[in-house]
Amino acid sequence: MKAKHQRLTLVLLAIGAVGGASLLALSALKDQAAFFYAPGDVKKDGLPIGRAVRLGGMVADHSIQRLADGVSMRFVVTDGVATVPVAYKGIAPDLFREKSGVVAEGSFNPDGSFTATNLLAKHDEKYMPPEIAGKMHETKTLQQ
Amino acid sequence: MPSLHILANPARFLKLARPLTPVLFWLGVGLIGIGVWGGLTQTPPDYLQGETVRILYIHVPTAWLGMGGWSGIAVSSLVFLVWRHPLAMIAARAIALPGAVFAGLCLATGSIWGRPTWGTWWQWDGRLTSMLLLFFVYLGFMALVRADDDRGGDGRIPALYGIAGSVLLPIIRYSVVWWNTLHQGQSIGLTKSTIDSSILWPLWFTLGGFTFFFAGIVLMRMRTILARTKAEARLRRMANVVEVTA
């Protein structure tokens, strides 16, 4: 009986130690493990100019402009705190649209704008049929 | 724990596991069938993703069982280390392979889903990376169990590894909360879901179905391990008899 309790205590201590160690490691990773910068982070911490980074947020409503050459576009990324204008030349993913999430890979320019080399679409955790979503999003975007 | 003691007896366990295996297996297959039929033919497409959303009915159960499998290994390892129940380590060994397969399927279906929605097969974001780590941790556990067997170990080292590996589970679960990730946040909580009920319902069938299926496979593998141990013991006894009479 006694040996069993001793083993239980040892195992629980080991779990506590491993859990505590990983919590420490994770809190140290907190900033490094982020997948992208939000516009608000950039405003707070300064521009990481010249480095390859990712910028993530929502595409601002009515901000997508397609340029005359047919493959370039400009849009604005916002997180509600700050906004960043983005220039991109290339093919955007199907789910790239206004008022939806985007992660742009590229780098910041000294003037605070962002030049993207690749776009990823980010969607949220909501799933619903088009009829219910119809009031918020036009269903024609399904075919787009 | 009297309830665990009953199952710790392999003979009593086998008496229960033998009829239970096919019940779990076929119940699982049936529920998966209903869920897949519903998910492919009865539910509406998503407003944003269109038909692509249907891979959800496979992707979510594989993620659940990839993580649930390791929870099983961790609990079995704890029971084995503290109470020394021989069946607990057999359960952990039986869970390892199907758990790894489901974690691998989760990564594969996620990748197939990511290409049309996000525009990428793979990104090193918090959720994807921590799930890949869990897959490797499974492979490590299987290698460790085999190595421990080969050197005649008592299973204590793999059991410690099984407990240590469980730190990944909260990391995977909360990766989308702690860090900003490409993967979206949690859709299904204990009380509410952000998936509309018209899209959600087949998921319950595939979740339940894959879980029963998984349990059936695990029981099957536990019986196999027990039968092999018994056969080896008999061979060893026969070898002894031959030695004595020769």
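## An annotated histidine

His123(A) is in contact with Leu95(A), Ser100(A) and Gly101(A) in chain A, and with Leu48(B), Gln49(B), Thr117(B) and Gln184(B) in chain B, leaving aside its neighbours within four places in sequence. Contact means C-beta atoms, placed from the backbone, within 7 Å of each other. This is a predicted model: local features need pLDDT of at least 70, side-chain atom pairs count only at pLDDT 80 or more, and totals for chains, interfaces and linings use all residues. Residues are numbered from 1 along each chain as its sequence is written, while chains are lettered from A and ligands numbered from 1 in the order in which they are written.

His123(A) sits in the loop between β6 (114-122) and α3 (130-133) of chain A. Helices (H or I, at least four residues) and strands (E, at least two) are DSSP runs, numbered from the N terminus. His123(A) counts as partly exposed, because 18 C-beta neighbours lie inside 10 Å. The cut-offs are 20 or more other C-beta atoms within 10 Å for buried, 12 or fewer for exposed, and partly exposed in between.

## Its partner in the annotation

In UniProt, the annotation "binding site" covers His123(A) and Tyr127(A); the entry is unreviewed. UniProt positions follow the numbering used here, feature names are shortened, and annotations may be inferred rather than shown by experiment.

Tyr127(A) also lies in the loop between β6 and α3 of chain A. Tyr127(A) has 25 C-beta neighbours inside 10 Å, so this residue counts as buried. Beyond four places in sequence, Tyr127(A) is in contact with Asp46(B), Val53(B), Ser187(B), Ile195(B), Asp196(B) and Ile199(B).

## Paired strands in chain A

Strands β1 (residues 53-59) and β5 (residues 101-108) of chain A run antiparallel, joined by six bridges. Two strands pair if DSSP finds at least two bridges between them. Met58(A) stands opposite Gly101(A) of β5(A).

## Where the chains meet

How many residues does each chain bring to the contact? Chain A gives 38 residues and chain B gives 38 residues. On the chain B side, α3 (56-83), α4 (86-118), α6 (156-164), α7 (168-178) and α8 (197-245) each give two or more residues. α3(B) provides the largest share of that side, four residues. The chain B side divides into 20 nonpolar, 15 polar and three charged residues.

## Nonpolar cores

The largest nonpolar core has 48 residues. Such a core is a set of buried Ala, Val, Leu, Ile, Met, Phe, Trp, Tyr and Cys residues joined through C-beta atoms within 7 Å. Ala91(B), Ala92(B), Ala96(B), Ala103(B) and Val218(B) touch the most other members. α2 (10-42), α3, α4, α5 (126-150), α6, α7 and α8 of chain B each supply at least two residues of this core. α4(B) gives the largest share, 14 residues.

Not counting residues up to four places away in sequence, Ala103(B) touches Gly66(B), Met131(B), Leu134(B), Phe135(B) and Tyr138(B). Apart from this core lies another, of 40 residues, including Val59(A), Val103(A), Ile199(B) and Leu203(B).

Ser197(B) and Gly72(B) are 125 residues apart along the chain, and their C-alpha atoms are separated by 30 Å.

Definitions and conventions: Contact = placed C-beta atoms within 7 Å. Nonpolar A, V, L, I, M, F, W, Y, C, P; charged D, E, K, R; others polar.
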